Amino acid sequence: MGESISHAPLASPIRWAGSKRKLLPILRSMWRSSDRRYIEAFAGSACLYFNIRPEEALLNDANADLISAYAVLAKNPVKLHARLLSIPVDAATYGEIRASKPSTKFESAVRFFYLNRYCFNGIYRTNKLGAFNVPFGRRTGGFPSIEQWRESSKALRGAQLHSGDFESVVRENVREGDFVYLDPPYAVSNRRVFTQYSANEFGIDDLRRLRSVMDHIDDVGATFVVSYALSKETKVLSDGWFSFRTLAQRNVAGFSQHRRKAVEVIVTNDENRLKVRKKDAKPA
Ligand SMILES: C[S@@+](CC[C@H](N)C(=O)[O-])C[C@H]1O[C@@H](n2cnc3c(N)ncnc32)[C@H](O)[C@@H]1O
């Protein structure tokens, strides 16, 4: 028999650069309980998913370590939490864990959650060889309580977890009545800005692929909501759809001195979802 699902909003169990926590009131108001299924193709910390806790969901991210860590949290929350709390928190231990190459899924998840919790600004960045290279952070806060951890685990058990490129996962899975949230990384063309994720994961050409995926979602009778930083590229995504602007905190280049309020554009194919609180939004 399936587990009963609580709908009390949860915070994500992880830190994630680019998380849309600050946009939750707006994004949440665009979801309908009548939506058939929740699909998030660029899940990251999946803060909207944990906040809504829909009955049926599919979470995808290109970051295989992240999705595999979520799967271990779904299956084995108590042992994982105890193990994480048993590890000392200091720069030397962080360095040892960062250099380690675990051979089991469980130990890889321990490494992922530990580095995610204690790294600088919740950034996930790897070098050309794929090795995580973010330094130790300060004032990161500790792990969620065991109660919160268990709830996150329960929430994740309600979702189908997938790691891959957004395009195939959406094309293969989206059905009439689904709600698809798309929150891609900020694509950089020739700008010399290092990305918050792995090198070259999402570029300008991917924006055009994203646009065709949005068209496909509309064709099958599902709803999409896309959030994207206002920029010269935004038009590719918003042309012909309904959109509005709002303010979000954005980490430029991952450093706090470059943190600034940036304008985020929200795009959807369903005009009825635009009835958001006036103080939070204005037409794009
Ligand atoms: C802006 S973050 C999503 C943040 C998320 N909405 C949250 O609140 O935490 C973008 C995510 O897209 C993922 N990503 C990058 N390229 C991708 C691709 N081609 N397909 C799927 N996911 C991708 C990154 O690993 C990252 O987690």
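A salt bridge is a side-chain nitrogen of Lys or Arg within 4 Å of a carboxyl oxygen of Asp or Glu. The structure is a predicted model, in which local features need pLDDT of at least 70, side-chain atom pairs count only at pLDDT 80 or more, and totals for chains, interfaces and linings use all residues. Residues are numbered from 1 along each chain as its sequence is written, and side-chain values use heavy atoms, with hydrogens and water left out.

The whole structure holds 15 salt bridges. Three of them are listed here.

| Salt bridge | Closest N to O |
|---|---|
| Asp178 and Arg37 | 3.0 Å |
| Arg53 and Glu151 | 3.1 Å |

Buried means under 20% relative accessible area, exposed over 50%, and partly exposed in between (1.4 Å probe, protein chains only). Asp178 is buried at 0%; Arg37 is buried at 9%, whereas Arg36 is partly exposed at 40%.

Helices (H or I, at least four residues) are DSSP runs numbered from the N terminus. The axes of helix H3 (residues 64-75) and helix H7 (residues 146-157), which are lines fitted to C-alpha atoms over the stretch in contact, with angles running from 0 to 180 degrees between N-to-C directions, come within 7 Å and cross at roughly 110°. H3 and H7 are therefore roughly perpendicular to each other, a term for angles of 65 to 115 degrees.

Conventions. Helix = DSSP H or I, 4+ residues; strand = E, 2+ residues; numbered from the N terminus. Parallel < 35°, antiparallel > 145°, perpendicular 65-115°, else oblique.
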